[in-house]
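Good morning, colleagues. Please look at the structure on the screen while I describe two parts of it.

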Amino acid sequence: MNVLALRQPLNRFRDATLSLLYPTQCRVCGAPINSLQDGVACADCWHEAQTEWLAAEHCVKCDAQLKSFGRHDFERQCPHCRELAFSEARACGAYAGAWLANILRLKSQPHLPERMRAQLIETFERNKCLHDCEAILPVPLHSARHAERSFNQAELMADALALHTSLPVLLTALTRAKATSRHRAGMGVKERAKSLRKAFRIHAPRLVAGKTLLVVDDVMTSGSTAHEIAQTLLDAGAQAVKVLTLARAVTRYI
């Protein structure tokens, strides 16, 4: 019997025991959570989140959800990402429900639940446009923010992808030179872009020159952070920049 086959019944026994001794409620619907692999949302809420995401139409560039359904025009693009410097961005799901609850948890607990890890890898595999990337760059935190939090959730994502793909993770090539304020809900695209101007700096141009790079982060909202990083990398000689996030803000365009 191989290790994976042995691990499955052990995981089921562990989950059953913990559910009995330490019952945990789903932070989305309040139902019991039956597996530690699901984080802070139940399996039903995860299933609903993924079903809705995969059933929706998306912008071919930034992965924003589009309002119209049932069409098969694969060249559709939302009106807000044409000038953004990255070439493609993909997300595992919408920043709502199970994804919202677990990402908020991830910001304070340095643990990527197995459900999120598996969805991250599945999303990478499903999106062939990401497969030509040659290295992974987690979006860096400013040193002050990193000291406050003690970890960077984007690095947890990068490590999970690197283990699956064998791509190198570039931790020193890009740093955050400007301590930007947290983006507020409802903050306009221009405000976000202005606050991020010259926020990132390249320290090792030789690591990025001529390469197609995959930038990873937990959430994409307006795309301003991804744009600023992509522009910084392209100015340093990168061939192209693509983006993969756990979630995409729920803004639907026609």
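A crossing of two helices is called left-handed if the near helix is turned anticlockwise from the far one by less than a right angle, and right-handed if clockwise. The model is predicted, so to read it: local features need pLDDT of at least 70, side-chain atom pairs count only at pLDDT 80 or more, and totals for chains, interfaces and linings use all residues. Residues are numbered from 1 along each chain as its sequence is written, and side-chain values use heavy atoms, with hydrogens and water left out.

I begin with the helices. The crossing of helix 2 and helix 4 is right-handed. On the helix 2 side, the residues in contact (heavy atoms within 4.5 Å) include Trp46 and Trp53, and on the helix 4 side they include Met116 and Arg126.

I turn to the strands. How many residues of strand 7 are buried? Nine of the nine, in residues 212-220, are buried, that is, under 20% relative accessible area with a 1.4 Å probe. Strand 7 pairs in the parallel sense with strand 4, residues 135-138, over four bridges, where pairing requires at least two DSSP bridges. Here Pro138 stands opposite Val216. Strand 7 also pairs in the parallel sense with strand 8, residues 240-248, over eight bridges, and Asp217 faces Thr245 there.

Note on methods: Buried means under 20% relative accessible area, exposed over 50%, partly exposed in between (1.4 Å probe, protein chains only). Helices (H or I, at least four residues) and strands (E, at least two) are DSSP runs, numbered from the N terminus.
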